[in-house]
Amino acid sequence: MRYARIYLGKRTSDVAHGSKNAEGDRTRYIDLAQPSEVLFPRMEDSSGALTVIHGQKEIPFAIARAYLISDIAPGASRGAHAHRKLRQVIMAAAGSFTLTVSSGTHSHEFFLTESSKGVYIPRLFWRELTNFSHDAVCLVFTDRPYEESDYIRSFSEYLDEANNG
């Protein structure tokens with residue numbers, strides 16, 4: 001399956017990012033072979049905001065693992081690897097940071113600043129997280145459990161596998 005339909009919630013103020021179905025829910029299709037921004041339903045009232053995230057609904061896979069990255073040292077970067085099999089959605093649960101995703105020939109930067117947006121990253125894309133704000137909390141959802149053998153930690157090795165795989 002190359003494309004997945006993801007749920008964008010019932011918000012009516014942002015219809016440009018998706019089409020409504022008969023129930024008034026907004027959806028859109030993403031290309032599972034390319035990094036893509038994903039949007040999460042956010043409900044707000046006078047007491048605060050609630051962002052809802054489900055696997056196989058807002059995220060285009062069943063969630064096998066979730067983890068947080070926080071208390072990042074000033075100037076530090078995270079990531080700097082690719083995965084052979086694993087897919088991820090990365091979001092800023094708090095604060096902000098820059099996510100750079102590369103195919104080896106093309107790169108795209110995402111500046112993540114709000115908990116209602118994330119980035120889907122398919123397998124065999126290099127990723128690096130930089131420019132963390134002092135209060136940044138990065139939340140990551142994956143479709144597979146941790147396996148060290150799935151990581152490609154050398155960019156030159158990544159280029160070899162991406163071009164030959």
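Colleague: In which loop does Asn 131 lie?

Modeller: This is a predicted model, and in it the backbone of Asn 131 has a phi near 55°, a positive value in a residue other than glycine. Most residues other than glycine have a negative phi. As for its place in the chain, Asn 131 lies in the loop between strand S13 (126-130) and S14.

Colleague: Is Asn 131 buried or exposed?

Modeller: Exposed means over 50% relative accessible area. Asn 131 has 53% relative accessibility, and because of that value it counts as exposed.

Colleague: Which residue does the side chain of Ser 133 meet in a polar contact?

Modeller: Ser 133 is also placed in the loop between S13 and S14, but at 18% relative accessibility it counts as buried. Leaving out residues up to four places away in sequence, Ser 133 touches Gly 95 and Ser 96. Its side chain makes a polar contact of 2.7 Å with the side chain of Asp 135.

Colleague: Where is Asp 71, with its positive phi, placed?

Modeller: Asp 71 is not a glycine, yet its phi is positive, at about 55°. With a relative accessible area of 74%, Asp 71 is exposed. Its place is in the loop between strand S7 (65-70) and strand S8 (78-83).

Colleague: What does the secondary structure of the protein chain come to?

Modeller: Of the 165 residues in the protein chain, buried residues make up 41%. Among contacts with a separation of 6 or more, residues 24 or more positions apart account for 70%. The secondary structure of this chain comes to one helix and 15 strands.

Colleague: How far apart in space are Met 91 and Leu 39, C-alpha to C-alpha?

Modeller: At 2% relative accessibility, Met 91 counts as buried. Leaving aside neighbours within four places in sequence, its contacts include Phe 40, Ile 53, Phe 97, Leu 112 and Phe 141. Met 91 and Leu 39 are 52 residues apart in sequence, and their C-alpha atoms are 9.9 Å apart in space.

Colleague: Which backbone oxygen does the side chain of Thr 142 reach?

Modeller: Thr 142, placed in strand S14, is buried, with a relative accessible area of 0%. Leaving aside its neighbours within four places in sequence, it is in contact with residues including Phe 61, Ile 63, Tyr 67, Leu 86 and Gln 88. At 2.8 Å, the side chain of Thr 142 reaches the backbone oxygen of Arg 144.

Colleague: Which residue's side chain does a polar contact join to that of Glu 44?

Modeller: Glu 44 lies in strand S5 (residues 42-45), and at 58% relative accessibility it counts as exposed. A polar contact of 2.8 Å joins its side chain to that of Arg 42.

Colleague: What is the volume of the largest pocket?

Modeller: Residues lining the largest pocket include Leu 32, Arg 87, Ser 103, Tyr 120, Arg 123 and Ala 162. The lining divides into seven nonpolar, one polar and two charged residues. The volume of this pocket is about 160 Å³.

Methods. Residues are numbered from 1 along each chain as its sequence is written. This is a predicted model: local features need pLDDT of at least 70, side-chain atom pairs count only at pLDDT 80 or more; totals for chains, interfaces and linings use all residues. Side-chain values use heavy atoms; hydrogens and water are left out. Buried means under 20% relative accessible area, exposed over 50%, partly exposed in between (1.4 Å probe, protein chains only). Contact means heavy atoms within 4.5 Å. Helices (H or I, at least four residues) and strands (E, at least two) are DSSP runs, numbered from the N terminus. A polar contact is a pair of N or O atoms within 3.5 Å; within protein, one must be able to donate a hydrogen and the other to accept it, and residues adjacent in sequence count only if both atoms are side-chain atoms. On a 1 Å grid over the protein atoms alone, a cavity is a set of points where a 1.4 Å probe fits but cannot get out, and a pocket is an open set with protein on both sides within 12 Å along at least five of seven lines; lining residues have an atom within 4 Å of a point. Grid points are joined across faces, edges and corners, and a volume is the space filled by probe spheres set on the points. Ala, Val, Leu, Ile, Met, Phe, Trp, Tyr, Cys and Pro count as nonpolar, Asp, Glu, Lys and Arg as charged, and the others, Gly among them, as polar.
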